[in-house]
Amino acid sequence: MELGLVGVNHNNSPIEVRERLNFTESKKIEATDLLLDRGLEEVIVLSTCNRSEIYFVCEDVEETSETVKDFFSTYFHQEDCRNFLFEKKETDVIRHLYQVCLGMDSAVIGEDQILGQVKDAMMNAMELRSSKKILNRLFQEAVTTAKRIKSETQISQNPLSLSYIGVKRLKEEVKDFTQAKVLLIGLGKMGLLALKHLEAEGVRDITLCNRNYAKTLELQSQYAFCKAERYQRLAELIPEATIIICATSSPHTILSARALAERKSPLHLLDLALPRDIDESVGTLEDVFLYNIDSLKSESDENIRRRKEVLEKHRGTIEEAIAEFESWRAKTLTDPVIRSLNERCSQIKQDTLSYIYRKVPLEHRHKKVIEKMLESALKRMIREPIRNLKQMEEEEEAQRYMDMLSSLFELR
């Protein structure tokens with residue numbers, strides 16, 4: 001079995017491409033089923049504001065990568081998306097996932113949110129039974145290694161996020177920032193992070209607006225300086241705000257230029273959603289300043305320097321973890337042959353017992369004794385070949401012996 005990866009991320013595609021190729025929760029389930037139907041052995045879909053990546057296990061990674069690229073085109077009805085898709089194979093897939101978990105491949109160096117998103121992707125795949133031995137092991141090892149490295153670095157104690165950078169940008173651009181009237185729309189992970197950063201900066205005039213009003217009230221009880229409002233009053237709340245932060249999971253924009261027509265003062269907007277919550281035409285309005293995920297990347301020069309620094313410092317740890325995984329995976333190459341050998345022995349056992357029982361009348365206890373003796377004898381016959389096969393370190397040599405066993409025993 002071979003490892004493959006096809007996807008888009010913030011390194012090779014603009015936000016308008018990523019939002020067109022974004023998987024909602026329901027689309028992740030549907031896409032996983034469709035990909036399994038196309039013959040992939042294992043599948044995990046990782047989709048965030050910065051990436052939509054499909055990790056897979058297959059027999060022929062070259063051929064299957066083309067299948068997954070075709071899937072992206074047809075599923076999202078985006079024929080030109082192939083221009084933005086990247087692919088990785090084998091060890092490059094492993095290295096990429098480790099860097100993703102560490103936040104080394106994020107728009108914001110060392111951000112912690114991606115680690116939770118990787119874990120969620122793995123858990124979703126396990127629930128769907130689309131990830132098995134190889135991808136489960138890979139994702140678990142990558143998450144564990146990332147946690148260990150993060151705990152040893154300063155970057156772990158001082159996590160950054162797009163929410164953090166966005167709030168910092170607003171602080172720089174908005175006069176009397178702490179006195180601003182903030183309307184926060186959407187209270188998911190990004191919205192909550194933004195709220196915490198606003199609190200840390202001393203902003204106290206914050207209106208919370210979310211489709212789930214119960215959640216809005218719950219947050220108001222935790223942040224007494226906030227005011228909870230129903231989502232249905234959104235149009236009335238917009239004109240009063242001097243800062244609007246959007247972080248919903250809406251599949252379409254929720255703010256347009258028309259919605260801002262009644263504003264009473266200069267307005268700063270921060271769009272942390274993907275797909276975007278705010279129509280890009282809003283940014284052309286007079287006295288309106290719009291920042292989105294991609295525009296915040298201009299803050300990342302220092303992050304790039306720190307990324308290289310941290311990555312170099314822990315390159316040995318990462319490569320060691322990759323080597324350990326590769327060593328483990330090499331041993332799993334023998335699994336199909338070993339499984340087939342065991343299945344052949346089981347079939348021989350059943351055929352032999354059926355023949356004996358037809359020819360010789362036996363009591364139940366005698367049957368049990370014969371079954372155990374026959375099973376033990378068959379296992380003893382294949383025990384040494386299996387042990388020797390597992391201990392072979394050279395993949396080519398192991399493959400030759402597996403082919404020989406398959407041919408001699410006519411294994412599947």
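Residues are numbered from 1 along each chain as its sequence is written. Because the model is predicted, local features need pLDDT of at least 70 and side-chain atom pairs pLDDT 80 or more, while totals for chains, interfaces and linings use all residues; side-chain values use heavy atoms, without hydrogens and water.

Q: How much space lies in the largest pocket?
A: A pocket is an open set of points on a 1 Å grid over the protein atoms alone, where a 1.4 Å probe fits, with protein on both sides within 12 Å along at least five of seven lines. Its volume is the space filled by probe spheres set on the points, joined across faces, edges and corners. For the largest pocket this is about 900 Å³.

Q: Which element gives the most residues to the lining of the largest pocket?
A: Lining residues have an atom within 4 Å of a point, and E25, Q117, T248, S249 and L274 lie nearest the centre. Helices (H or I, at least four residues) and strands (E, at least two) are DSSP runs, numbered from the N terminus. At least two lining residues each come from α2, β2, α5 and α9. With five residues, the one that gives the most is α5.

Q: Why is β2 largely enclosed by the rest of the structure?
A: Buried means under 20% relative accessible area (1.4 Å probe, protein chains only). E42, I44 and L46 on one side of β2 are buried, as are V43, V45 and S47 on the other. β2 is largely enclosed because the buried residues number six of six.

Q: Which residue of β3 is the bridge partner of S47?
A: Strands pair if DSSP finds at least two bridges between them. β2 and β3 pair in the antiparallel sense over six bridges, and they form a hairpin with three residues between them. The bridge partner of S47 is S52.

Technical notes: Buried means under 20% relative accessible area, exposed over 50%, partly exposed in between (1.4 Å probe, protein chains only).
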